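Here is a short report on a two-chain model.

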Amino acid sequence: MPMEICFYPGCSFETSAGYSQSLNALCAHLNIRLNSVPDWNCCGSTAFFSVQELSAYPAARVLAFAAKSGAASLVTGCNGCYNTLRKVKKLLQENEQVCSDIQTRLEQEGLKPAPPDLGIRHLLEFFAQDVPGEAWIRDTGAPKLRVAAYSGCLLSRPWTDVDDPENPVMLDRFMQALGFTPVDHRLKASCCGAAHALPYREETEALVERIVRTMQDKGADLAATICPLCQLNLESAQLGLGLPGLPVLFFTQLAGLSLGLPHSGLGLDKLLISPEKLWS
Amino acid sequence: MRKLQVMEQEYLNTLSQAFIDKSPGAESALCIQCGTCSGSCPLAAQMDNSPRKILALIRDGCLEEALRSKSIWLCVSCNACLTRCPRGIPVPDIMYRLRVLALQHQMPVKEHKMPDLYQAFVRQVEKRGRVNEARLAVRYGFSHPRDLPGHLGLAMKLLKKGRI
């Protein structure tokens, strides 16, 4: 029997550098079935909160569809989506007015608001905690790598229940379980600039420069990320900075490398800074 | 600052009072001005009024200056201030609320940039249900063409990798 998860991809998942390819390869290998939330829409992100007051509808609709599918929890691989979904779930629990407005709108679509016990989890939590440790059998030919974990802001902030908000460790421990060497550094939850990277390129490049230089100073071969926007910012800002390129991989790609899955199925060719030199 | 008419000043006073009467604006009363928010903010150096000062402005009834600040649009929602604030003030929520009010009163100016990006984002989601990042970047570029050349090289590389 395959393990099943109710998966919310989010808008950036498909175009990310090998996230979908590596996740699919990983799930096929570990016998995990990804059931995408039916007819999913954008969670609304920070844009909706910035333009409309208490705009919970997009995320509430996603949660309602997930609950309707019978899932006990919903899993997403994007820090932004993860944060927005949890924030809206909390808002619906605390604000009766918003909750009743949302209920009316959902009913027009034949949906019911998600029950308060619907879990919202990050893909990293799922792989690090739900998949049994025995599943991670390191391939003898897997490359030895020093990995700088980068969890970004929203996995643990403001949700201090999942990981430490200042010095998150879940990703480091998962990398260790995969047989890689985590590199300790202080900027694992330091902001990458998020969507501000588009209008404020120079300002956000400075944030990434500090992060990447710190990782390199600590001897990292590459960075591991858990969020499409973190990955894009960490990788793309380096192009303009003239740094000695630090490859930035998704944790799912590293899991695939550890298990010895064919490199061609991990979407490594989608990365702007190739990691191939680390094992060839 | 622009000289206000009497009626406008009255309106602003009402608006300012309404803002601090209700959460999340009400929580600004808890602020002890320790500056932990400003010290934690990744973009505080680019701001005209730091997060600490924004809280002081709200509390002192100077809502208009807060609403006209570039700062409220520079908040990246990294939640560092919120997690570290010794008084538990939801600073990012206060920033969202200020943004909504600023938009309602047509206060943002061209140099603020993020209002156009957020509004383009929301319009796209309302129309298509999901966001296409490349389309969003182009849409934003119509209103801020000078920001585009800096991203052209990246766009070409992403296109080549099939990521757009």
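Across the interface of chain A and chain B, the rule finds five salt bridges. A salt bridge here is a side-chain nitrogen of Lys or Arg within 4 Å of a carboxyl oxygen of Asp or Glu. One salt bridge links B:Arg84 with A:Glu166; their closest N and O atoms are 2.6 Å apart.

This is a predicted model, where local features need pLDDT of at least 70, side-chain atom pairs count only at pLDDT 80 or more, and totals for chains, interfaces and linings use all residues. Residues are numbered from 1 along each chain as its sequence is written, chains are lettered from A and ligands numbered from 1 in the order written, and side-chain values use heavy atoms, with hydrogens and water left out.

**The interface**

The rule also finds 25 residue pairs in polar contact between chain A and chain B, both residues at pLDDT 80 or more. A polar contact is a pair of N or O atoms within 3.5 Å; within protein, one must be able to donate a hydrogen and the other to accept it, and residues adjacent in sequence count only if both atoms are side-chain atoms. On the side of chain A that touches chain B, helix 2 (45-51) of chain A gives the largest share, seven residues. Helices (H or I, at least four residues) and strands (E, at least two) are DSSP runs, numbered from the N terminus.

The contact (heavy atoms within 4.5 Å) takes 49 residues from chain A and 48 residues from chain B. Chain A and chain B bury about 4200 Å² between them, 64% of it on carbon and sulfur atoms. Buried area is the accessible area (1.4 Å probe) that two parts lose on being put together, summed over both. In chain A, A:His196, A:Leu198 and A:Tyr200 lose the most area to chain B, together 16% of what that side buries.

**The strands of chain A**

Two strands pair if DSSP finds at least two bridges between them.

| Strand pair in chain A | Bridges |
|---|---|
| Strand 1 (residues 3-8) and strand 2 (residues 32-36) | five |
| Strand 1 and strand 3 | three |
| Strand 3 (residues 73-76) and strand 4 | four |

A:Glu4 stands opposite A:Arg33 in strand 2. A:Cys6 stands opposite A:Leu74 in strand 3. A:Leu74 also has A:Ile120 in strand 4 as bridge partner.

In a regular strand the side chains alternate between the two faces of the sheet. From strand 4 (residues 119-122) of chain A, A:Gly119 and A:Arg121 point one way, and A:Ile120 and A:His122 the other way. All are buried, meaning under 20% relative accessible area (1.4 Å probe, protein chains only).

Methods. Buried < 20%, exposed > 50% of the residue type's maximum accessible area, 1.4 Å probe, protein only.
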